[in-house]
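Subject: Structure handover

Hello,

The structure is below for you to look through. My notes on what was found in it follow.

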Amino acid sequence: MFYKTSEHHGLPHNPFKSCVAPRPIAWVSSLHPDGTINLAPYSFFNALTSDPPMVMISFNGYHEHGGEKDTLYNIKACGEFVVNMVPLTLKDAMNVTTANLAHEVDELALAGLSTEDSQLVKPPRVKESPIHLECEFFKEIQLPCTLPDSINTMIIGSVLGVHISDEVLVDGLVDLSRIKPLARLGYMQYTSVDELFAMARPDD
Ligand SMILES: Cc1cc2nc3c(=O)[nH]c(=O)nc-3n(C[C@H](O)[C@H](O)[C@H](O)COP(=O)(O)O)c2cc1C
């Protein structure tokens, strides 16, 4: 089949997210100006560059209670955030933190998670997560939005510091088979990394 994105695809559900999959999940911890810690998952997320390391996150729609989603608001207000990696073992905790809750609700406590201080930024890290990226807000970019009364906003962040749990470092390499990072597919589907293989480039 082929469909123009300016027209209806004719399928029961929009297939687009299954056509760009798997997507890594940024489990973003951020701080409201009143000190409330926020945690939420975002899969329109990826790395953009490695030297220096930069990441992007895209926010679609408003918060159910009005205004920007808490994570977007906090990132801009605080200027800093942390991307926590979601291991397969924390999939249910991750799911708890996607609930549309008032900003004063501490999603970490709700999901039974604990925090530890970051080294370079104010928002804390999720202690149970094996990898954390401490990030500084770099730029906001407004994207087109075809839904009425909605908004698509991308932010770019600079990664200032990276924490890697010693338990997942094997001979100096991050062993993702010890983490099984969770990733988003289309619809309500997820996957996790559980098969790794290496491949040399033809010119190596
Ligand atoms: C796995 C997963 C990935 C998600 N990815 C995004 C995303 O990329 N962009 C977005 O706007 N919402 C995304 N959501 C929905 C947000 O997590 C949800 O709107 C959440 O309530 C936002 O919380 P906040 O207001 O505390 O930031 C995702 C949800 C899940 C479960």
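Strands here are DSSP runs of E that span at least two residues, numbered from the N terminus. With that naming, β3 gives the largest share of the shell around the ligand, 4 residues. Please keep in mind that this is a predicted model.

The ligand. The shell holds 17 residues, and the closest are A40, F44, K69, D70 and T71. At least two shell residues come from each of β3, β5 and α1. Sorted by class, the shell has 8 polar, 6 nonpolar and 3 charged residues.

Helix α1. This helix covers residues 70-78, and its buried residues are D70, T71, L72, N74 and I75. The buried residues of α1 pack against strands β2 (26-31), β3 (37-42), β5 (53-60), β6 (80-84), β9 (131-143) and β10 (152-164). Just after the helix, G79 has a positive phi of about 80°.

Residue S30. This serine sits in strand β2. Is S30 buried or exposed? S30 is buried, because 27 other C-beta atoms lie within 10 Å and the cut-off for buried is 20 or more. Leaving out residues up to four places away in sequence, S30 touches N38, T71, N74, I75, C78, F81 and P123. S30 and E128 are 98 residues apart in sequence, with a C-alpha to C-alpha distance of 16 Å.

Regards

Key:
Residues numbered from 1 in each chain as written. Predicted model: local features only at pLDDT ≥ 70, side-chain atom pairs only at ≥ 80, totals over all residues. Buried ≥ 20, exposed ≤ 12 C-beta atoms within 10 Å, placed from the backbone. Contact = placed C-beta atoms within 7 Å. Near = placed C-beta within 6 Å. Nonpolar A, V, L, I, M, F, W, Y, C, P; charged D, E, K, R; others polar.
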